[in-house]
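I opened my notebook to look up a protein chain. I wanted to see what holds its parts together.

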Amino acid sequence: MSIRRLRSNPKSLGDVNKVTEELRNLYYKRLLPIEKYYSFHHFHSPCYEDADFDNKPMVLVMGQYSTGKTTFIRYLIEQEFPGSRVGPEPTTDNFTALMYGGVERIIPGNALTVDPKMPFRNVDPFGNTFLNRFQCIQIPNKILENISIIDTPGILTAAKRRLSRGYDFPAVLRWFAERVDRIILLFDAHKLEFSDELTRAFGALCGHEDKLRVVLNKADRVDSQQLMRVYGALMWSLGKVFRTPEVMRVYIGSFWSEPRQTCDHYQLIEREEEDLLSDIRNLPRNAALRKLNDLVKRARLVRAHAHIISYLKEEMPAIFCRESKKHNLIYQLPVIFTKIQQQQRVPAGDFPDCTKMQEKLLGQDFSKFKTLKPHLMASLDKLLTSDIANLMPLLHQHDLERKPLPGVLDGDFLGTFRPEHFKRDPFKELPRDDENNEADFDEWPVEKFKPKYDEIFYNLSPIEGKLSGTKVREWMMTTLLPNSVLSHVWRLSDVDGDGMLDNEEFAVAVHLIEGKLEGHWLPRELPSHLVPPSKRIRTASNEE
């Protein structure tokens with residue numbers, strides 16, 4: 001299914017679907033009253049709003065400076081975006097939300113916090129310093145119709161970090177980590193350094209490891225021996241930071257649309273790239289499941305929080321020695337957690353971080369805490385035991401109706417085309433405003449280069465005037481362009497769709513590759529003026 005067909009069927013793509021509506025109703029009916037009663041939002045994340053249920057899947061891209069974050073995003077959407085800069089020094093100093101919009105515009109952070117349609121209304125507690133560094137860029141892009149991407153400032157190394165950012169950087173990362181569907185963490189194969197700020201950023205991701213995908217970028221810039229050493233060092237460092245016995249997968253790649261350097265592990269890079277992009281392509285399909293998973297995770301945390309608050313309330317004296325008792329209870333919080341686990345049968349994994357909870361409790365008035373209310377806890381238990389279970393058949397039906405984003409190998413994921421982006425665009429359609437331009441349109445721009453292209457074509461030994469996909473692929477691979485780009489070129493140039501290329505179709509393929517090597521974006525569909533003359537009548541009759 002193409003993106004065009006997905007766009008024409010909003011019920012199958014729809015951001016608001018049956019599963020999302022049911023989740024929204026369950027949250028407002030079952031969970032939100034308990035959160036308010038036990039002041040959950042004073043200790044943990046703010047309450048959900050409609051925009052949190054309706055928003056598209058979001059991808060958070062983070063990493064140290066100069067690891068290729070902005071280039072990775074441009075690789076995904078195959079388009080420049082306002083304010084994007086790349087360089088060896090820290091160039092991205094803002095949190096930038098890339099979202100779909102009919103016209104290109106930039107929305108500043110303070111305006112985002114008052115827009116009920118945006119899922120960023122709860123970032124205002126981070127203050128003006130952060131909001132001045134937060135913006136949303138809306139652009140007309142096919143990929144952003146299905147997902148949104150968050151670009152982050154580069155995490156500084158110890159040598160670069162001289163002054164404070166002016167806001168709680170790990171807390172902001174934690175806020176986004178709770179709400180996004182995927183976290184892409186990029187490392188540079190040339191400079192693998194774990195700074196203090198990076199370690200704190202890892203701490204903000206704790207509890208969201210299932211969303212995390214680690215990428216060792218620019219892997220074509222090192223040889224196989226160096227790659228093996230860097231890969232091993234990265235795995236060892238990640239194991240120390242996340243403190244888990246499981247080995248976290250690290251994707252090896254070189255994520256940009258330019259030709260890669262020749263290396264022994266070139267095929268490994270291509271396979272790893274497709275694995276990661278396949279994971280991203282499936283995000284719209286899995287969006288409802290992710291929201292359900294996050295709601296269940298939140299409900300379990302709310303249940304543990306309610307038991308903690310109730311226990312502290314019951315242990316507080318009525319009048320005397322209240323302050324000393326408060327500090328004693330905070331000090332004994334790890335023991336209290338264990339007692340609640342045993343008495344209420346709450347799993348240890350549902351409890352919040354003990355140290356952070358102790359810090360939050362220091363500024364609270366325990367006399368305002370509430371004891372357990374049986375009917376609220378019964379409602380929460382019903383949510384976890386039966387209400388969510390009743391949603392599963394609906395979720396399975398939703399998965400059957402939804403289709404993932406078209407693959408990179410179809411080209412639509414990278415195939416956004418903006419004719420106005422380059423003034424000298426070889427793929428731009430010729431104007432047809434009058435009869436004089438009609439003659440120009442009938443000319444085939446590839447014709448003047450065809451003798452050169454024909455020489456390559458016949459050197460590949462065509463059979464009955466056509467080249468097989470295998471032979472074309474072998475020649476295309478010599479250009480060192482990524483497989484995703486070459487596959488898009490193949491789809492555009494195989495005009496008749498027979499799985500083979502004749503001399504005219506091959507000429508189109510070479511022309512597109514040369515344009516790409518010169519730095520132009522590929523068109524999403526083959527412009528009519530590039531269709532070989534012998535195929536134009538057939539193509540027009542097929543469309544009719």
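My entries below go from the whole chain to single pairs of residues.

**Ground rules**

I am reading a predicted model, in which local features need pLDDT of at least 70, side-chain atom pairs count only at pLDDT 80 or more, and totals for chains, interfaces and linings use all residues. I number residues from 1 along each chain as its sequence is written, and the side-chain values use heavy atoms, leaving out hydrogens and water.

**The whole chain**

I looked up the helices and strands first. The protein has 23 helices and 10 strands. These are DSSP runs, numbered from the N terminus: helices are H or I with at least four residues, strands are E with at least two.

Next I checked burial. The protein has 544 residues, and 50% of them count as buried. Buried means under 20% relative accessible area, exposed means over 50%, and partly exposed is in between (1.4 Å probe, protein chains only).

Then I looked up contacts, meaning heavy atoms within 4.5 Å. Among contacts with a separation of 6 or more, 79% are between residues 24 or more positions apart.

**Helix 3**

I followed helix 3, which covers residues 18-37. Helix 3 has 20 residues and reaches 28 Å from its first C-alpha to its last, close to the 28 Å expected. The expected span is 1.5 Å times one less than the number of residues.

Where does helix 3 have a kink? I found it at Leu31, about 45 degrees, shortly before the proline Pro33. The bend at a residue is the angle between axes fitted to the seven residues ending there and the seven starting there.

I also listed buried residues of helix 3, including Leu23, Arg24, Tyr27, Arg30 and Leu31. After the helix comes Ser39, with a positive phi near 50 degrees.

**Salt bridges**

I counted 26 salt bridges in the structure. A salt bridge is a side-chain nitrogen of Lys or Arg within 4 Å of a carboxyl oxygen of Asp or Glu.

Arg24 forms one with Asp54, the closest N and O atoms being 2.7 Å apart. Arg24 lies in helix 3 and Asp54 in helix 5 (residues 50-54), so the pair ties together parts 30 residues apart in sequence. Arg24 is buried at 7% relative accessibility, whereas Asp54 is partly exposed at 24%.

Arg30 pairs with Asp387, with the closest N and O atoms 2.9 Å apart. Asp387 lies in helix 17 (residues 374-401) and Arg30 in helix 3, so this pair ties together parts 357 residues apart in sequence. Buried or exposed? Arg30 is buried at 11%, and Asp387 is buried at 12%.

I then looked at Arg121 and Glu49, whose side chains meet at 2.8 Å, N to O. Both lie in loops, 72 residues apart.

**Cores**

I ended with the nonpolar cores. Each is a set of buried Ala, Val, Leu, Ile, Met, Phe, Trp, Tyr and Cys residues joined through side-chain atoms within 4.5 Å.

Which residues have the most contacts inside the largest core? They are Phe120 and Phe176, in a core of 77 residues. Helix 22 (residues 503-517) gives this core its largest share, 7 residues. Phe120 touches Met58, Trp175 and Phe176, among others. Apart from this core lies another of 44 residues, among them Tyr38 and Leu391.

Technical notes:
Lists of a residue's contacts leave out its neighbours within four places in sequence.
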